Amino acid sequence: MRSKEFKEKKVAILGFGVEGRETVEWLLKKGATVHVFDEKDESEFDTEYISFLKKDGVTFTFGAFGALELFDIIVRSPGVRPGIKTLHIASDLGIPITTATSIFLSEAPGITVGITGTKGKGTTSALLYQMLRTADKDAYIGGNIGVPALSFLHKLKNDYVSILELSSFQLSDVERSPHIAMVLMVTQDHLDYHASKDEYVMAKMGITRHQTEKDITIYNAEYPASVAIADRSHGTRYAVSIKGKEGMSCYLEGETVMLALNGKAIPVIKTSEILLPGRHNLENVCAAVLTAALLNIEPRAITDVLKTFPGLEHRLELVGEANGVRYYNDSISTTPDSTIAAIRAFTSPEILILGGSSKGSDFTELCSVISRAPNVRAIIGIGDEWPLIKKELSNKALSMVEN
């Protein structure tokens, strides 16, 4: 939806998280009358901020979503499932339902780059952003990375680039797709939110579903789900891989990252020069390098960033070293596939901390990888998921410590 469509309209916002709060302020500036619904209790929010918004005419309902038939437009926040009964009823009544992501993609001038994947999208978004800034290009970064995109929409111009990290929650019912869609590793995740892996992949398809022949999709050819998402695009498709080079636009040849465009392959950088740890991050590097090249970023800016970019917090982040032992924070790895990638990132002896809250994951492959990894010496088990992991590992000759 366009911004002019919100003027003097009664708008309901479902969800009062970071994106919801930014949406409230954006809508007020567009002349809308805003009502916020959130299932949480009012005591869980900043009462001073709520009082401030009430002075601007914003009204609130906490503890439930309530009836929506009196509103002209509904804006769904990412944490609210699009398939809930309340939204179905509103849709049947013909009430338009949109999201902050859809609003941004409809309104933003310049080039929009959307990046999604089960893991790696935050790292790749930040990597590409640093390449653009190093090349003195005007760029903004937002989305699922923690910066609501609507917060910088008013700053954009026609020659700017917007980089959005996009989750399945943001893509499931998006009305527009970005000009450049980057589809990284897509496997399984958020099965506590999505009914199945197929539903999760279908949600991700929003990043390519609305692309035109003028748009671009960059995808990781090693993952069938990523290929399926790319196939929904009507734009030009470019593939990356670190396992093969046939038909790839960025790939590994030995220990060199190669870029192949316009019938010519050129070396970009040696893998030994890349600061990001882990072979799995080379997939993200290839995707970022290719996108930067398509955005006409000079090679020196690309390589300078690859040599100095350390990664994001909580993603194989080296947090300390004592008595020759290095401690890495990889708490962002909340799926078996990302944990497998982290395990394979090192050859030195490892002690793993595994567990956490349940996301409905299958641990068969993870436990198989652990049992075959000669450098995994012990596991510290924590949280609700640990009993399931422990059961799968019960026949493995590993030292396990329960917390």
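A salt bridge here is a side-chain nitrogen of Lys or Arg within 4 Å of a carboxyl oxygen of Asp or Glu. Keep that cut-off in mind for the first stops. The model on screen is predicted.

**Stop 1**

Select R326 and E321. Their side chains meet in a salt bridge, with N and O 3.6 Å apart. That distance falls within the 4 Å limit, so the pair qualifies. E321 is exposed, at 52% relative accessible area.

Strand β15 covers residues 317-322, and it pairs with β16 in the antiparallel sense over five bridges. β16 takes in residues 325-329. E321 has R326 as its bridge partner in β16.

Move to the turn. Two residues separate β15 from β16 in this hairpin. Select N323 there: its phi is positive, about 55°.

Stay here and select V319, V325 and Y327. Together they make a nonpolar surface patch of about 280 Å². V325 belongs to β16. It is partly exposed, with a relative accessible area of 39%.

**Stop 2**

How many salt bridges does the structure hold? There are six.

Select R81 and E199. Their side chains form a salt bridge at 4.0 Å, N to O. R81 sits in the loop between β4 (73-76) and α3 (85-92), while E199 is in helix α7 (residues 197-204); the pair therefore ties together parts that are 118 residues apart in sequence. Colour both by accessibility. R81 is partly exposed at 33%. E199 is also partly exposed, at 28%.

Next, select K245 and E253. This salt bridge brings its closest N and O atoms to 2.7 Å. K245 is partly exposed, with 45% relative accessibility. E253 is partly exposed as well, at 36%.

**Stop 3: the five-stranded sheet**

Select β1 to β5. These five strands form an open sheet, and the pairing is parallel. Read across it and the order is β3-β2-β1-β4-β5. Which strands stand at the edges? They are β3 (59-62) and β5 (97-99). Each has a single partner strand, so one side of each is left without a neighbour in the sheet. Look across the strands: the twist averages 25° from one to the next.

Strand β2 (residues 33-38) runs parallel to β3, and four bridges join them. Select D38 and find F62 opposite it in β3.

**Stop 4**

Select β9, residues 180-183. Show the side chains. I180 and M182 point one way. A181 and V183 point the other way. Are these four buried or exposed? All are buried.

One is β6, residues 111-116, which pairs with β9 in the parallel sense over four bridges. Select I115: it stands opposite M182 in β9. Another is β10, residues 216-220. It also runs parallel to β9, again joined by four bridges. Here V183 has Y219 in β10 as its bridge partner.

**Stop 5: helix α10**

Select residues 281-294, helix α10. At 1.5 Å a residue, its 14 residues should span 20 Å. Check the ends: the end C-alpha atoms are 20 Å apart, which agrees with that expectation.

α10 is mostly covered, with 13 of its 14 residues buried. Select E283, which is found in this helix. Is E283 buried or exposed? E283 is buried, with a relative accessible area of 9%; the cut-off for buried is under 20%.

Select N296, which follows α10. Its phi is positive, near 65°.

Key
Residues are numbered from 1 along each chain as its sequence is written. This is a predicted model: local features need pLDDT of at least 70, side-chain atom pairs count only at pLDDT 80 or more; totals for chains, interfaces and linings use all residues. Side-chain values use heavy atoms; hydrogens and water are left out. The expected span of a helix is 1.5 Å times one less than its number of residues. Buried means under 20% relative accessible area, exposed over 50%, partly exposed in between (1.4 Å probe, protein chains only). Two strands pair if DSSP finds at least two bridges between them. Patches are made of residues with over 30% relative accessible area and no salt bridge: like charges are joined within 9 Å, nonpolar side chains (Val, Leu, Ile, Met, Phe, Trp, Tyr) within 5 Å. Accessible areas come from the Shrake-Rupley method with a 1.4 Å probe; for residues, only the protein chains shown count as cover. Axes are lines fitted to C-alpha atoms, for helices over the stretch in contact, and angles run from 0 to 180 degrees between N-to-C directions.
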